[in-house]
Amino acid sequence: MVLIFIDQSERKIKKTSFEAITYGVKLAAQLNTTAAGLVLGQTDDDLSSLGKYGLTKIQQVDDAALNDMDAQVYTTVIAEAFRNAGADTLVMSANLTGKAIAPRLSVRLKAGLVTGAVSLPDTGNGFVVKKAVFSGKAFAHVAVQTPQRIVTVSPNAIRAESGSGEAQVEKITVAVPAAKVKVESRDVLKGEVSLADAEIVVSGGRGLKGPENWGMIEELAKLLHGATACSRPVADAHWRPHHEHVGQTGGAIAPNLYIAVGISGAIQHLAGVNRSKTIVVINKDPEAPFFKAADYGIVGDAFEVMPKIIEAVKKLKQ
Amino acid sequence: MKILVCISKTPDTTAKIAFTDNNRKFAADGVQWIINPYDEWYALVRAIEFKEKDPATVLHLVTVGAADAEPIIRKALALGGDEAIRINTDSHDAYTIASQIAAVAKEGGYDLVLTGKETIDFNGASIGGMVAELLELPYLSLATKVDIEGGAVRVIREIEGGEETDSTSLPVVISCQKGVAEQRIPNMKGIMGARSKPLKVVEPVAVDSLTSIEKFELPPAKAGVKLVPADQPEELVRLLHEEAKVF
């Protein structure tokens, strides 16, 4: 049985969890078994509506003590639910919550862990999962040797597939231990598309000359319902906040479309974005290494090109 | 305070990634090795700052690897730290590595275990969480700021869609990323001093791996860039809409 951990952020279920549900439901079908979802804490969402992603059953530990995500507490609760359900496979997103709890669960359950799966496992002979390694420059096929296993799903690697259906929601009771970590404050971006969730990312580099010129980056991102990002020098110069930095030492993203404006494309930057499905590069310098990794490009001045792109997108969206 | 910093050896960020032995092994020939940047720039430097503030701090570095990992751990010692421990085994999967580190950590009775947020080769982001679970300690992942005052720990960490400020008390395991500290360059005094610092070699504990890598694969080569003239940006928008179908 496949148990899918459904992550929440501020009592809302986010896109990365829809992707994990799709992955888990498909995996269960592949293994000729059933899938169930697991939600911890209270929620503002209608859980039964998650049936549209193919889930028929969801368990919820409806306990306010789980509204804060504490890695140790979540590990105890998820491990208990996993054992009680008689599950052998645990699926969750490789988002930041997944990174905090999956390694702990692997130890607790003695279950082999593959982080950041990019496709469904090969279950023809064993259980082999493909994941990106070497910062997106290669893939590894990882065999899980244990009877129990945990797979975390790389954001944007699997498209959430929805149809119709309603899930049956069952409230379960699991003893919740006291947390050793106290959450003092939390600052979550509201109403904006988070960089990890975004299907389209518009990113700016040093070529934009200063933070005052980010208006066109933000405008294009907004028009495309995407997020904004930046290169390392831009974050280091504090033109943009740290969490927007993508690259080897920043975040790694894999959107459907990555538009790089005024970024030369050093190998360290590419390491954070090379799994984007389509890459567009706009740069004045025809020798910019980024063009070699791009699908589409314009050799030109961003200050002339970007306003025209924005106009063309506006026209298209009318 | 007694600190243990986990150090991993990784190929340089600019290393060419290729495989041998029927795509089962990383082609290490001619590859320049470095300290995993997250371990070095953030976890190690922050630990050094703690020691500079309170010289009574004991700072140990640990790595899991064969003798060829020694130049890397010496390089780390050149930045700072009192001694290094090399656990003499080739690393297998994250679980075996974490089990080795946890055994050393338990033995040494450390108050604080620091790791980088992930290694740049396997990108598993798993060691910190696994070590914490093996030691039954709290784990604060993806820290961007770490403050410790008289045993009280205060950390700002990245969470889904934002950040969180957490407090707890030692002992604790923390994974570090950008913001925790600033990269340092080792000076000549540090490099000379590192040579005489103790490097202990300990034998591994017996542990079975939970996963294994069957093979590697390189991504398909890009078809090449399609350039659109700078005076026709609307053509780019058309291609993205009609050909790439990304919006």
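Counting over all chains of this predicted model gives 36 salt bridges, a salt bridge being a side-chain nitrogen of Lys or Arg within 4 Å of a carboxyl oxygen of Asp or Glu. Side chains of opposite charge can pair when their charged atoms come close. Because the model is predicted, local features need pLDDT of at least 70 and side-chain atom pairs count only at pLDDT 80 or more, while totals for chains, interfaces and linings use all residues; side-chain values use heavy atoms, with hydrogens and water left out. Residues are numbered from 1 along each chain as its sequence is written, with chains lettered from A and ligands numbered from 1 in the order in which they are written.

A few of these pairs are worth a look. Glu133(B) and Arg104(A) pair up through their side chains, with 2.7 Å from N to O. Helices here are DSSP runs (H or I, at least four residues), as are strands (E, at least two), both numbered from the N terminus. Both Glu133(B) and Arg104(A) are buried, where buried means under 20% relative accessible area, exposed over 50%, and partly exposed in between (1.4 Å probe, protein chains only).

Chain A also has a salt bridge between Glu244(A) and Arg240(A), at 3.0 Å from N to O, and these two residues are buried as well. In chain B, Asp82(B) bridges to Lys51(B), and their closest N and O atoms are 3.1 Å apart. Asp82(B) is in the loop between α2 (70-79) and β7 (83-87) of chain B, whereas Lys51(B) is in helix α1 (residues 37-53), so this pair ties together parts that are 31 residues apart in sequence. Asp82(B) counts as partly exposed because its relative accessibility is 27%, and Lys51(B) is partly exposed too, at 21%.

Some salt bridges share partners, and in this way Glu10(A), Asp68(A), Arg186(A), Arg157(B), Glu164(B) and Asp166(B) are joined into one network. Contact means heavy atoms within 4.5 Å; setting aside neighbours within four places in sequence, the residues in contact with Glu164(B) include Val183(A), Ser185(A), Val155(B) and Ile159(B). The side chains of Glu164(B) and Arg186(A) also make a polar contact at 3.2 Å. That term stands for a pair of N or O atoms within 3.5 Å; within protein, one must be able to donate a hydrogen and the other to accept it, and residues adjacent in sequence count only if both atoms are side-chain atoms.

Now for the domains of chain A. The assignment, which comes from an automatic or database source, gives domain 1 (2-171) and domain 2 (200-317). Their centres, taken over C-alpha atoms, are 31 Å apart. Domain 1 brings 10 residues to the contact and domain 2 brings eight. About 680 Å² is buried between these domains, with carbon and sulfur atoms giving 37% of that area; buried area is the accessible area (1.4 Å probe) that two parts lose on being put together, summed over both. Ser135(A), Lys137(A) and Asn156(A) supply 56% of what domain 1 buries against domain 2, more than any other three residues. Across this interface of chain A the rule finds zero salt bridges, but five residue pairs are in polar contact (both at pLDDT 80 or more).
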